[in-house]
Amino acid sequence: MSFLNNIKIAVIGGGSWATALIKILCEQNNVQIRWWLRNQKDIEHIRKFHHNPSYLSDVVLSPKKIKVFEKTTDAVKGADYVILAVPAAFVQESLQLLTAKHLQGKRIVSAIKGMVPEQNILITDWISNEFGIDLNETCVIAGPCHAEEVALEKQSYLSIASTECETSEDFAKLMTCRYVTANPLDDLYGVEYSAVMKNIIALACGITHGLGYGDNFQAVLVSNAMQEIGRFVTAVDPRERDLSSSAYLGDLLVTAYSQFSRNRLFGNMIGRGYSVKAAQLEMKMIAEGYYATKSIHTLNTMHHVNLPITNAVYSILYEDQAPSLVMEELKKLLK
């Protein structure tokens, strides 16, 4: 795909991550963005005032580079890339108007750090199955990177993973700008599963923080979590990979520790005594770790990997067990 010509990129989603990705793409001279949002009021506001009123509202959105659409079918028309940046739980609903023909010849980029609920499969696999897209023409965007720091133009790093080196390298060029460095990788499944699981770990960190556990315990929790992620990823996709690199460990650390982590916030509310439903109602944004916990737990019934942290979070969120008692038992399993 030539980088000399104008590149059209459709972005599906209107949240903070979608807005941050659009801000990065606007740094490129050869990019035009076709943006679909669900909220009609936000669409009208963006067209008139050139910023997203609901998320990262301080980010100025260039009207010369961005066109906003009410229908996904219109947004993807003529696009070279389609970036999916909606919560995993809503991806099927968001793409329901699209057919394989709409996405034919396009590269699909998942910026979704979750799995399709109930089906318990990765977004890239679902896209491949649902629309007949070759996996070599898909890639995923992982961290370590929070949308809020992109908005502030703080130096950030992205990991772009695909099964095909050319696909990840091409898209990494588009996502690199003066304050973002994007690094290509060829480990699609490893990066994608790690991005899913790190949200579960962030939930666990938030729960323990809400219960009053300190930094010493969280350090042990996170180091054990990295081993847990490694065991699971190796079981589902065995190959050599350096889990200490930023695509894996870095993404886990920023999600587990950052003030901007919605999964950590969600877990913190649970640890402080909120019910799952009450915490969901109070949060404006979706905590992907809630859905990911059930997906990984269910998927692991086939693989039988030792996942004590994931199991602990599952028992709290889905079996209504007391966080304090669950974490007391988890303490005995960590080293």
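This is a predicted model: local features need pLDDT of at least 70, side-chain atom pairs count only at pLDDT 80 or more; totals for chains, interfaces and linings use all residues.
Which residues line the second largest pocket? They are Asn224, Gln227, Arg231, Asn306, Pro308, Leu333, Leu334 and Lys335.

Residues are numbered from 1 along each chain as its sequence is written, and side-chain values use heavy atoms, with hydrogens and water left out.

**Pockets**

- Pockets are found on a 1 Å grid over the protein atoms alone: a cavity is a set of points where a 1.4 Å probe fits but cannot get out, while a pocket is an open set with protein on both sides within 12 Å along at least five of seven lines. Lining residues have an atom within 4 Å of a point.
- Grid points are joined across faces, edges and corners, and a volume is the space filled by probe spheres set on the points.
- The volume of the largest pocket is about 810 Å³.
- Its lining has 38 residues, and Gly15, Ser16, Ala85, Pro87 and Arg262 lie nearest the centre of this largest pocket.
- Two or more lining residues of the largest pocket come from each of helix H1 (16–25), helix H7 (147–151), helix H9 (188–211), helix H11 (246–257) and helix H12 (262–271). Here helices (H or I, at least four residues) and strands (E, at least two) are DSSP runs, numbered from the N terminus.
- By class, the lining of the largest pocket holds 17 nonpolar, 12 polar and nine charged residues. Ala, Val, Leu, Ile, Met, Phe, Trp, Tyr, Cys and Pro count as nonpolar, Asp, Glu, Lys and Arg as charged, and the others, Gly among them, as polar.
- The second largest pocket has a volume of about 160 Å³, and helix H10 (residues 215–236) gives the most to its lining, with three residues.
- The lining of the second largest pocket divides into three nonpolar, three polar and two charged residues.

**Nonpolar cores**

- In soluble globular proteins, nonpolar side chains tend to be buried together.
- A nonpolar core is a set of buried Ala, Val, Leu, Ile, Met, Phe, Trp, Tyr and Cys residues joined through side-chain atoms within 4.5 Å. Buried means under 20% relative accessible area, exposed over 50%, and partly exposed in between (1.4 Å probe, protein chains only).
- The largest nonpolar core has 52 residues, and Phe266 and Ile296 have the most contacts inside it. H9 gives the most to this core, with 11 residues.
- Beyond its neighbours within four places in sequence, Phe266 is in contact (heavy atoms within 4.5 Å) with Leu203, Val276, Ala279, Gln280, Met283, Ala287, Tyr290 and Leu317.
- A second, separate core has 42 residues, including Trp17, Leu21, Val31 and Phe171.

**Aromatic pairs**

- The whole structure has eight aromatic pairs. Rings of Phe, Tyr and Trp (its six-membered ring) pair if their centres lie within 6.5 Å, with planes under 30 degrees apart counted as stacked, over 60 as edge-to-face and the rest as tilted.
- Tyr193 and Phe232 make an edge-to-face pair, because their ring centres are 5.8 Å apart and their planes stand at 75 degrees.
- Tyr193 lies in helix H9 and Phe232 in helix H10, so this pair ties together parts 39 residues apart in sequence. Both Tyr193 and Phe232 are buried.
- Tyr290 and Tyr291 are also edge-to-face, at 5.1 Å centre to centre with 80 degrees between the planes. Tyr290 is buried at 15% relative accessible area, whereas Tyr291, at 26%, counts as partly exposed.
- Ring pairs join Phe266, Tyr290, Tyr291, Tyr314 and Tyr318 into a cluster.

**Helix H15**

- Nine of the 11 residues of helix H15 (residues 308–318) are buried, among them Pro308, Val313, Tyr314 and Leu317.
- The cover over the buried residues of H15 includes H9, H10, H12, helix H13 (276–282), helix H14 (288–303) and helix H16 (323–331).

**Backbone**

- Most residues other than glycine have a negative phi, and most peptide bonds are trans.
- Gly143 and Pro144 are joined by a cis peptide bond, with omega about 10 degrees. Pro144 sits in the loop between strand E8 (138–142) and H7.
- His50 has a positive phi of about 65 degrees and counts as partly exposed at 27% relative accessibility.
- His304 has a positive phi near 55 degrees, lies in the loop between H14 and H15, and is exposed at 65% relative accessibility.
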